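Colleague: Could you take me through how the chains of this model meet one another, going one step at a time?

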Amino acid sequence: MTQALPSEAEQDQVMEISMGPQHPSTHGVFRMDIRLDGERVLRLKPVIGYLHRNHEKIAEAASYLAAIPYTDRLDYLCSMTNNWGYALAVEKLAGLTVPERAEYIRVIVSELTRLQNHASVVGFLLQDMGASGTPLMYAFREREKVMDLFESLSGARMMCNYMRFGGVRVDCSAEWLSQAAKVVAGFNGFLDEFERLLTGNEILMARTQGVGVLPRELAINAGVTGPGLRASGVNYDLRKVDSYGVYGRFEFRVPLGEHGDVYDRYMMRVLEMRESLRILEQALRDIPSGPFMDPKARLRGLRPKVGEAYARIESPKGELGFYLISDGSPNPYRYRVRPPSLINLTVLEDMCLGQSIADVVVILGSIDIVLGEVDR
Amino acid sequence: MTLEEIRSRLEAFVPGCHAEIVVNGSPSAQNSLLIDRQHGLQAAMYLRDHPELQLDFCSNVTAVDWPDREKAEKIKTKRIVDGVEKEVEETKKTTIPGYLEVVYHLFSIAKKEGPVVLRMHTANRTDEVTLQSLTPVWRSAEFQEREAFDLFGIVFEGHPDLRRILMWEGFTDHPMRKDYVPPPDDDLEILAVSEPGA
Amino acid sequence: MLGEGIVKGLAETARNFLGSFIEKDRLVTVQYPEERLPVVEAARMFPFLIYDGVDQEEGLRCVACQICEKECPPQCIHIEKSKDKKPDFIGKQQFYPAVFDIDVSVCMSCQICVEVCPFDAIRMDNEFELSTDDRFAGLLWPKEKLAMPNEHYLAIHPTEATEVEARRAEEKAQAEAKKASQPAAVAK
Amino acid sequence: MQPSDQVFVLLKHWLVGRSPAVMQPGVSILLTIVPILLIFPVLFAVTTVLERKGLGRIQNRYGPNRVGPYGILQPLADGLKSLTKEDIVPSSADRTVHFLAPLVLLAVAFLPYAVLPMGRNMVAVNLDSGVLFFFAIGAISELSVFMAGWSSRNKYSLLGAMRAVAQMISYEVPLLLSSIAVIMAAGSLSTVEIVEKQSGFSGIFPHWYVLTPWGFAGFILFMIAATAETNRSPFDLPEGESEIIAGYYIEYSGFKFALFFLGEYLGMFAISGLGITLFLGGWSAPLPFLTWVPSWIWFFGKLLGLIIGFIWVRGTLPRLRMDQLMNFAWKFMLPMALVVVVSAGAWRFLPQGVTRWLVSMVFIAAAYVLLARGVETRNKIAKRTYRFAE
């Protein structure tokens, strides 16, 4: 991990550069202290904390219910999956069950979240590569449709605050489901368009293939999760491994990469979107009617028994975990978020060493971080 | 392998290691394994490399602050009263010294199993807050142990790069501790107002 | 062959360029002040307090139970309970808020206060054009500004509001029936 | 010859004739320079709107549409904004050089227009070595870029300047080589003569060099090199906003920044103008029955066409990396340009007919296939298939 210090003659050529926190492609207030030889990276240290607001402390002072809106603000692109991770942890801690219909709604909104997250991440990646915003705008055009769905369901486009332990906040109407089906049906066309624009593009291939290679062993050891892990060829998708919710009932495949480079990470996301569409089609077809909340669940004044629970879900960024310790009082004694964005950053330096500064932004873009979650 | 088997194997194969099962009372029933602080690293190595366990993935590393508590309990003591030894029952208030606890959630990607929850305690909350770092075993602990150091003040021995991560260099307190008192809100405003003029 | 993907990409952007003139589906931008999207029923901005009838003070449903104040995640609600009591819609004597302030610069529109309110007294408004040049007093909304007639609630969340109306009417009927039966019981 | 074709030439002669004899040379010069100084900045203004609206439409947006009808007054607002902005000079910057850099760029950007024939008889100076003059002047712009990058004392701007200099010098080679093919075919370095050589027709086909196999390949190479030379996407590395923020003009604000912008676009117009002159027949009409349209309309029409091409490419492609860019210049563009030169020579000496078309085409296609394969193997780019776990 420690880089040999350059000799004195070399030191004249070494340039220290601080990328961020105000930089167009650090995806927020992220900073990297980089030592450069020409444009080659000799050392890279991530510096974070500019958006730190001590989310965990805030949640420990609030009731179990009041923490849900705060989870929206972790990874602000995927509030639905954040809600789910937290709700799952509380359900485990308090022994609540979730009705069928709510489980299906959860799957539907989470897969929609995955679609919009992956689409915009690919757009951002291309933006980092200098593509004048075209792929990003196409992605945002489609994301808008998903966000409209979220708005009509939960009342907000990004900060959905939709799931509750024991179910979801409001039921979805038949009209909403048919609207969602329409969006899902149209999404394949968008993916085809996206791939025609990008996947075969020689510049994109040249910029991404063989860049930022993450070896399989390092990926596992460094706790990289999500598309980044699967791009390195590790078959580990929590939707399959844990089959939380009702994921066990759906037929879908887990795409696996071979090289573990930026191109593989990009393709993982594209292919995962296609698989998400399959899940969505099945979920929208099979959704049962029934209650959407566990009647036993008490939202206000929940006092779980003394104990602890760790729950994790496959969020679009990776494994999102929530660790709760209850001391029997109405607010959690310990509330911990396992942020996939932060832990995926561990290997940033390993991936960037020896690459050029132009690759650094691309590699960072391919890791897919959201600073709300990194800094909490 | 059940937790009990893991515990007995740990004690058998890691010399001197003392492990204890901590029962979790909640419906999640995720029991955990408390390892003594001298053998954390060895135990972790064993757990990772054991072919039947292969806990190659350390998902979550976090710390918990348990401050000093007062506990009232009835105890029987032998005391010499009026020259005769008698058994006396009396209520005694004891202060249970607090400690800082680190929790590791381990999973196995190879076997798709887990979690195995590992815990370690520091000796106290003030001066003996050192624990063995497990970063050499799992790189994923690197940032998370830095975070525990930053927010809880646990010092990890053997960590390659133990610096503050979320708070700034020069910050002295540890905000996630239960007894942390945040500076009053208006401090920020005073700073903002006084700086340009002064 | 080198250049094939680039040519394909150029064709795709050309298609989108032309498509943005022809297909409405491609040009999704809404020219905001002139064009407006219909506000969805579930939309939420900042809370308001409901009052029945015409008089704000009389009809305010809030009974100053302070549950929302406690549950509010960013702690933006400030309530001071009244000393005296006034009758509510079923005639029961209840406290009322002497002071009810919401700091909307802190409020994060999460709707937790709505969910925990047992009296259907607080709901989310969908008014979003709220800019003001006074960022302190202009964004601290007192009871007078927060209070809205029930008709407003019926207008912006019709489905939910009719349910609430029906439930309240039933409660009121029950209470009146009880009241009607009570003198009889006394007489017995 | 229609009077509309020569309207500007006649106007100039009339105005010069009206002035006192002593001042006539001065007036003549003034009347040549001032229109160039006016027309191209106006074209710059039009292009910025066009670019923003075009990119907008490519990205399914409206683009600027608030200032004036359809947003056409946007450049006016932009200009006003940059005029009223504070001019910030970093305290550690070399103030003199920092101040001079945009001026040098602008001065250099205007000079090449002297040799561009913008219509029949519409050229400021008919130099015998016009093309040479063009390239010689064009090379100075690298100086101003380096001045800007160096004097700002910013690491990003230094990186940008280094990139710019390396890139511009490398791409000048294929740029020159692909024009050499034309110079060989035309047998002249004078831009006016090159255009005149192309203004005939055989049947309905004009004698443009782009309509020969080597000319077509040369034109593509020329435009790629021109894109790199003017730092436009996908070769906008010197200012790569996602990597080194704005490269060499990161420390420029207000009107100096606007001047840089103007200089860049002027460079783009000039090099497009040269491309038109060399390959697209300059001001000559594309079809024989369209010769009644004034020649200057053809020139500016073609210029607009190339600008649209630049915008289109910018809206589609991501940026290359520095080493790939250099590899592409030296290992693909340079050999390809040499092949074009050789094939242009063969074209000249082979007898007219199908044979020379065939020879030229096969030669260029074979070279392309070989070199393209080289690029692909060197960059290790390949289409991939993926496996799935159930």
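Modeller: Contact here means heavy atoms within 4.5 Å, and please keep in mind that the model is predicted.

Colleague: How far apart are the closest C-alpha atoms of chain B and chain D?
Modeller: Since contact asks for heavy atoms within 4.5 Å, we can look for any such pair between the two chains. No contact joins chain B and chain D, and the distance between their closest C-alpha atoms is 14 Å.

Colleague: Which chains share the most contacts?
Modeller: There are 4 pairs of chains in contact, while chain B and chain C do not touch. Among the pairs in contact, the one that shares the most contacts is chains A and B.

Colleague: How many salt bridges are there between chain A and chain B?
Modeller: This contact takes 48 residues from chain A and 48 residues from chain B, and about 3900 Å² is buried between the two chains. One of the salt bridges joins the side chains of A:Asp350 and B:Arg139, at 3.0 Å from N to O. Counted between chain A and chain B, the salt bridges come to 5.

Colleague: Which element gives the most residues to the side of chain A that touches chain B?
Modeller: Between chain A and chain B there are 26 residue pairs in polar contact, both residues being at pLDDT 80 or more. On the side of chain A that touches chain B, the residues divide into 23 nonpolar, 10 polar and 15 charged. The element that gives the most to this side, with 5 residues, is strand 7 (residues 307–315) of chain A.

Colleague: What area is buried between chain D and chain A?
Modeller: The size of an interface is often given as the accessible area lost when the parts come together. Here the contact takes 33 residues from chain D and 58 residues from chain A. Carbon and sulfur atoms give 56% of the buried area, which in total is about 4000 Å².

Colleague: Which residue of chain D forms a salt bridge with A:Asp264?
Modeller: Between chain D and chain A the count is 4 salt bridges. In the one that involves A:Asp264, the closest N and O atoms are 2.7 Å apart, and the partner is D:Arg384.

Colleague: Is helix 9 of chain D mostly covered or mostly uncovered, and how many of its residues are buried?
Modeller: Helix 9 of chain D runs over residues 213–229 and has 17 residues. A residue is called buried when its relative accessible area is under 20%. By that cut-off, helix 9 of chain D is mostly covered, and the number of its 17 residues that are buried is 14.

Methods: Residues are numbered from 1 along each chain as its sequence is written. Chains are lettered from A and ligands numbered from 1 in the order in which they are written. This is a predicted model: local features need pLDDT of at least 70, side-chain atom pairs count only at pLDDT 80 or more; totals for chains, interfaces and linings use all residues. Side-chain values use heavy atoms; hydrogens and water are left out. Buried area is the accessible area (1.4 Å probe) that two parts lose on being put together, summed over both. A polar contact is a pair of N or O atoms within 3.5 Å; within protein, one must be able to donate a hydrogen and the other to accept it, and residues adjacent in sequence count only if both atoms are side-chain atoms. Helices (H or I, at least four residues) and strands (E, at least two) are DSSP runs, numbered from the N terminus. Ala, Val, Leu, Ile, Met, Phe, Trp, Tyr, Cys and Pro count as nonpolar, Asp, Glu, Lys and Arg as charged, and the others, Gly among them, as polar. The expected span of a helix is 1.5 Å times one less than its number of residues. Buried means under 20% relative accessible area, exposed over 50%, partly exposed in between (1.4 Å probe, protein chains only).
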